[in-house]
Structures are given as structure tokens and as C-alpha cells.
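Please keep the sequence and the model in view while reading.

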Amino acid sequence: MNTELQQKAPDTAQSPEDILLKVEDLTVYYELEEETVQAVNDLNLTLRRKSTLGLVGETGAGKTTTALALLRLIPHPPGVIKSGKITVCGKDLLSLAPHELEQLRGKDISMIFQDPMTALDPLKKIGGHLTEVILRHSDCSKAAARARAIEVLGMVGIPNPEERMDQYPHEFSGGMRQRVLIAMALSCHPKLLIADEPTTALDVTIQAQILDLLRELKEKSRTSIVLITHDMGVVASICSRIMIMYGGLIAEEGLAEEIFYQPKHPYTKALLKAIPSADRKEGERLVSIPGLPPSLIEPPKGCPFADRCTQVMPQCRTEMPKMREISPTHKAMCHFITEE
């Protein structure tokens, strides 16, 4: 794990103009025929301009649902945004008309999806993917769109971009296809980039290259990033602020150094202990979190982490804990926050 944390000023907005993204009390359900999945409950987050937020949690925690909600891409049916407010670039996302949404997506806010092979049309050349996005959101000629596409392919580190424009997705490696998705997302200079598990299924060398690329592009393009991942090592290397998600709720949030060096929620502590250590002895077992995540169909009455928590108390099983402020930048949802 790259333990070089982002040492930056506290990620707290000083003025309304400084806020790029604000989510208030977001609740998302999937209403199936016989049951309802409570995927996200009362989620709140604020993202400043030119900053990076890491959203971390196990599979099923609600991370991807949150990302899709930020683009209003929740599949309906069965998905439905039950309540809440999402403000992006000063616009109320949930009240926008379809044509206004189309203008916002790709131009002001873009997303890098998990699987580059399924996100790209195998019958369309790479140049076609890129120019289509540029022409949709820019008032320019086809020649200008092609020139911009070549420029952005070069920017994300694809060699011979002019030649690569005429190739198909299957002619690219997994890492190169991921770079194409990043190029598509950045082609129209978005203010907000949502990256959903951008290094999944890539080997560690390519993972490092993609993270270096995102870090470099953030500095050059001054784009804000929401990075969704289950890998604590990934957020350590790129994010200034981290939110830990569990059972559709935010368990803890804070600056990167607060989460890594002063964790308060038992789930956060368990995640950090589960990170493989370079000095682990040969044959020593990796640390894991026993048990399974809670059911989102029948959520527990109390703390969702109670069944897996080593510090559980009777109150934890009967009463949902409230989010408690530890510092102006650090909060945790736990009945028994200890000073360590």
C-alpha cells in the first residue's frame, strides 16, 4: 500500500461558490416484486471544487448506487430515489428535465465505469467513441472533434494516438481500455469526475499507472474526483478526504490522515487491519472481518455493524447510532467512540 497520504487543507467549503457537489439525505431503494432493497439511506456529502473524495466499502455497501444516483442513472424500475437532494454545479439534479440532464452529463459531470470492455461498443472504433461524446457536448466540427480526441488520448498516455483512433476495443489491453474510458470522461473538460472502481481487474502495475494518471490529470485539469473503491490503499494515495460506507450508510468520514491515523468506527479499524502488510511473516494468515454484511432487505434495528463488531454492546443491537462529530472535519456513527 502506498501510505503517502494527501496532506492538504481541510476539505470544508468556505462559501457556496466553493461547493461543487452537495448531497442531502439521499435515500435510494430497489423496489422488487416481493421485497425492497434499501441500498442507500440518508446519505450526506459535500465536495469542494478541485478536491478528491474517496468512497470506500465492501461489495454491497451502496457505493455504486450512490455513484449512479449522482448522475441520475438509477435504473427505474426497480430503482427509485425515495428522498433527498443532489446539487451539482449549483443545479438541482433531481428537478432537471431530460434534455437538461443530457447537457449536464458528459460536460459538467462524467463517470468512469467499472468494466472497460462492457462500457465500450466492440463494433465501434475508439475514435468513434470519443468523437461522439465531444460532438454531443461541444459546438465544433467533426475535424475539431477528431483533433480533440487525439489530444485527449495522448494526454492519458496512449502511444500513437492518431493511429489508435482507428482501432477497435479488442485491440487494446485492459489498462489501455481503461485509459480510453478516462479519455472519454475528460474529453469535454468536466468539473466532476466519478470513478467507479477504475482499477478493478487490473494487475498491480497497471493499477499504479492508472492512479498516477488520475492524480496527474486532477492537478492539470483541476477536476474534482469522487473515487469509489473497496481498496484502502488506493484512497491513501490519491484522496484528500475519505468516507467509509457500510450497509447503505456512512459509518465514518474525515480527512485521509484522520481516517488512517485516528480511525474511530470499529468497521474502519477492521478495514485498516485487513490491509496486507509488507512485513507480514511467511505463512501468516491475512486479517479478515468475520461474518457478512447486513441484509439491505431487512436492515437491523440497531447498528448495521453490530453482528461483526468486536466491541459490540447491548445498545448497539437495539438503537441506531447517530453521527457524532469528533472534529470539524471528522465524524463517525458509533455509540462508543474511544480516544486512542
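Does D108 count as buried or exposed? The model is a predicted one, and in it D108 has a relative accessibility of 9%, so D108 counts as buried; the cut-off for that class is under 20% relative accessible area. D108 is found in the loop between helix 2 (98-104) and strand 6 (109-112). Setting aside neighbours within four places in sequence, the residues in contact with D108 are C89, K91, P190, K191 and L192.

K91 leads on to the sheet. In strand 5, K91 is the bridge partner of V88. Strand 4 (residues 79-88) and strand 5 run antiparallel and are joined by 2 bridges. They belong to an open sheet of 4 strands, whose order is 2-1-4-5 and whose pairing is antiparallel. Strand 2 (36-48) and strand 5 (91-92) stand at the edges; each has a single partner strand, so one side of each is left without a neighbour in the sheet.

The nonpolar interior comes next. In soluble globular proteins, nonpolar side chains tend to be buried together. Here the largest nonpolar core has 58 residues, and L130, I182 and I242 are those with the most contacts inside it. Helix 7 (residues 174-186) gives the most to this core, contributing 8 residues. Leaving out residues up to four places away in sequence, I182 touches I112, V156, I210, L213, L214 and L217. Another core lies apart from the largest one. This other core has 38 residues, including V28, L104, I194 and M243.

The aromatic rings can be taken as pairs. A pair of aromatic rings is described by the distance of the centres and the angle of the planes. The count for this model is 3 aromatic pairs. In one of them, the ring centres of Y246 and Y267 are 4.5 Å apart and the planes stand at 50°, so the pair is tilted. This pair links distant parts of the chain, with Y246 in strand 9 (residues 241-246) and Y267 in helix 11 (residues 266-273), 21 residues apart. Both Y246 and Y267 are buried.

Y246 also pairs with F305: the ring centres are 5.3 Å apart and the planes are at 90°, so this pair is edge-to-face. Because Y246 lies in strand 9 and F305 in the loop between helix 11 and helix 12 (314-318), the pair ties together parts that are 59 residues apart in sequence. The relative accessibility of Y246 is 3%, so Y246 counts as buried. F305 is buried as well, with a relative accessible area of 3%. Through ring pairs, Y246, Y267 and F305 are linked into a cluster. Elsewhere, a charged side chain meets a ring: R164 lies over the face of F172, 4.3 Å from the ring centre.

The cysteines remain. How many disulfides does the structure hold? The number is 0. A disulfide is a covalent bond between the sulfur atoms of two cysteines. For C140, the closest cysteine sulfur is in C188, at 8.2 Å, which is too far for a bond. C140 counts as partly exposed, at 30% relative accessibility. For C239, the closest cysteine sulfur is 19 Å away, in C89, again too far for a bond. C239 is buried, with a relative accessible area of 0%.

Terms used. Residues are numbered from 1 along each chain as its sequence is written. This is a predicted model: local features need pLDDT of at least 70, side-chain atom pairs count only at pLDDT 80 or more; totals for chains, interfaces and linings use all residues. Side-chain values use heavy atoms; hydrogens and water are left out. Rings of Phe, Tyr and Trp (its six-membered ring) pair if their centres lie within 6.5 Å; planes under 30 degrees apart count as stacked, over 60 as edge-to-face and the rest as tilted. Buried means under 20% relative accessible area, exposed over 50%, partly exposed in between (1.4 Å probe, protein chains only). A charge sits over a ring if NZ of Lys or CZ of Arg is within 6 Å of the ring centre and within 35 degrees of the ring normal. Contact means heavy atoms within 4.5 Å. A nonpolar core is a set of buried Ala, Val, Leu, Ile, Met, Phe, Trp, Tyr and Cys residues joined through side-chain atoms within 4.5 Å. A disulfide is a pair of cysteine sulfur atoms within 2.5 Å. Two strands pair if DSSP finds at least two bridges between them.
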